[in-house]
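Please look over the structure shown here before reading on. This report gives a brisk first tour.

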Amino acid sequence: MPKPNDLTLEHFMAGLKRRNPGETEFHQAVEEVATYLIPYIQKFPKYNTARILERLTEPDRIIIFRVCWEDDEGSVHVNRGYRVQFNNAIGPYKGGLRFHHSVNLSILKFLGFEQILKNSLTTLPLGAGKGGADFNPKGKSDTEVMRFCQAFMIELSKHIGENIDVPAGDIGVGEREISYLFGQYKRLKNEFTGIMTGKGLEFGGSKIRKEATGFGCVYFMQEMLKHHSDDLTGKSCVISGSGNVAQYAALKLIQLGAKVITMSDSTGFVHDPDGINEEKLNNIIELKTVKRQSLSEYAKKYKLKFHEGKKPWAVPCHLAFPCATQNELDENDAKELLKNRCLGIAEGANMPTTIEAVKAFQKAKILFSPGKASNAGGVAVSGLEMTQNSIRLSWSDKELEDRLRVIMTNIHEECVAHGWEDGYVDYVKGANIAGFSKVADAMLAYGVI
Ligand code: NDP
């Protein structure tokens, strides 16, 4: 058994894989972080002796529960619900709920783990959690989604609270689902408190929350470009996804003078060489959030080519924004982007880029920001929603957008401070180290718990 100061990536990952068999997404997320943190930790015996990295990769607790609900025909369905309460060293557990057929423990543990460093980067007092269910809202009626959300909350309500754990949305959990979940909590507990974020504006939601992740991602890209004496004007941008994050990344890019030439969904991507303008984007938002249809309908309407089952990374562009899901941009996609002289990538989704693709971007020394830095705007405004709920006040759009802007600029500065090396900013290194220290120091202060 090696002593703590013999910590190596190989030994650490072997132990993690042994304790968490088959959880490939979780292994991937931890490996990316540990690659940077182990050399850093080696320099600081206090973290090493206290086994902070081992403690950071073991969730505080995991809650798994059965969710039974009836469809509109009266048939009974059984799903599995989860909440991974990963780490509350610096604040209440905070992180989204995902409803998607692919949801499993590995995916939620990777998301919860990433959330620790991301939430720390925002500078707000937010711990980390993630949850969800293998329930797919797609193709379900509103009443079926409502019944599922109510059944899910009957169990989740036992484990959350405004000072304990404050969930938000994620894939498959938008305003409709948050409203059903919040309404059910209110009914069960007979109290009106800010136990979720992303709520409707009529009942404690924050302005700019819906836009925050996408806007924040574009602000982060703007900062990276500025740091290299460049800007967004006239840059052609390839976006994947057409959900919450992608929609508002597209809107901010259009507003700041860039040209959005692709968007995608799980059925394929649409290429619009003239650029998606605000009117076309509104059409996409309605298609995806109200009608809940495939993007191919948009392609039909504007007589554009729809690339069924394909990803958009081979379309030549200056900038790329993966905003759909994990591992959607692999080494081959990275080669295409580099071949077409792409200048930079800002992750809007969580871990959309595989480790090999990240290495290819870093080797080519182009701009690359990991999701924990560039998509932190969403949880940051969720944190501000919690503050507004606590003081029972609502801030204006301007106040919130200004605060979001400042938070994203600060995260960028922290990444540069910790990631600058030989004239190149390694944003992955910068984000991992900057996010780590605050949480690690809080954990050390608490002693061995
Ligand atoms: P949405 O559910 O609103 O949108 C998801 C989008 O991704 C849809 O266009 C969906 O297509 C597409 N998609 C989902 N799975 C796949 C797949 N396997 N292959 C291709 N496309 C897929 O989710 P969000 O926009 O909220 O989240 C997107 C990403 O951003 C996730 O990684 C999430 O964790 C991350 N994130 C979200 C935050 C937020 O505030 N919402 C905050 C920080 C990160 P379709 O419509 O066909 O299903």
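The report moves from the whole chain to its salt bridges, then to one residue and the ligand.

## Basis of the model

This is a predicted model, in which local features need pLDDT of at least 70, side-chain atom pairs count only at pLDDT 80 or more, and totals for chains, interfaces and linings use all residues. Residues are numbered from 1 along each chain as its sequence is written, and side-chain values use heavy atoms, with hydrogens and water left out.

## The whole chain

The protein chain has 17 helices and 14 strands. These are DSSP runs numbered from the N terminus: helices are H or I with at least four residues, strands are E with at least two. Along the principal axes, the C-alpha atoms fill a box of roughly 65 × 55 × 45 Å.

Of the 449 residues, 57% count as buried. Buried means under 20% relative accessible area, exposed means over 50%, and partly exposed lies in between (1.4 Å probe, protein chains only). The accessible surface comes to about 18600 Å², and 51% of it belongs to carbon and sulfur atoms. Such areas come from the Shrake-Rupley method with a 1.4 Å probe; for residues, only the protein chains shown count as cover. Among contacts (heavy atoms within 4.5 Å) between residues at least 6 apart in sequence, 71% join residues at least 24 apart.

## Salt bridges

Side chains of opposite charge can pair when their charged atoms come close. The whole structure holds 27 salt bridges. Each is a side-chain nitrogen of Lys or Arg within 4 Å of a carboxyl oxygen of Asp or Glu. Arg51 pairs with Glu54, with closest N and O atoms 3.0 Å apart. Arg51 is partly exposed at 29%, and Glu54 is partly exposed at 22%. Lys158 pairs with Glu155 at 2.8 Å. Lys158 is exposed at 54%, whereas Glu155 is partly exposed at 21%.

Glu385 and Lys199 form a salt bridge at 2.9 Å. This pair links distant parts of the chain, 186 residues apart: Glu385 is in helix 15 (residues 377–391), and Lys199 is in the loop between helix 7 (175–189) and helix 8 (209–227). Glu385 is buried at 0%, and Lys199 is buried at 5%. Elsewhere, salt bridges link Glu32, Glu114 and Lys372 in a network.

## Gln388

Gln388 sits in helix 15. Its relative accessibility is 3%, so Gln388 counts as buried. A polar atom of its side chain lies 2.8 Å from the backbone nitrogen of Trp395. Beyond its neighbours within four places in sequence, Gln388 is in contact with Ser206, Leu393, Ser394, Trp395 and Leu400.

## Around the ligand

The ligand is surrounded by 24 residues, the closest being Lys138, Asp170, Thr213, Ser266 and Asn350.

Which atoms approach the ligand's oxygens? An N or O atom in the side chain of Thr213 is 2.7 Å from an oxygen atom of the ligand. For a polar side-chain atom of Asn350, the distance to a ligand oxygen is 2.8 Å. Asn244 has a backbone N or O atom 2.9 Å from an oxygen atom of the ligand. The protein covers 82% of the 900 Å² of accessible area that the ligand has on its own.

Methods:
A polar contact is a pair of N or O atoms within 3.5 Å; within protein, one must be able to donate a hydrogen and the other to accept it, and residues adjacent in sequence count only if both atoms are side-chain atoms. A residue is near a molecule or strand if one of its heavy atoms lies within 4 Å of it.
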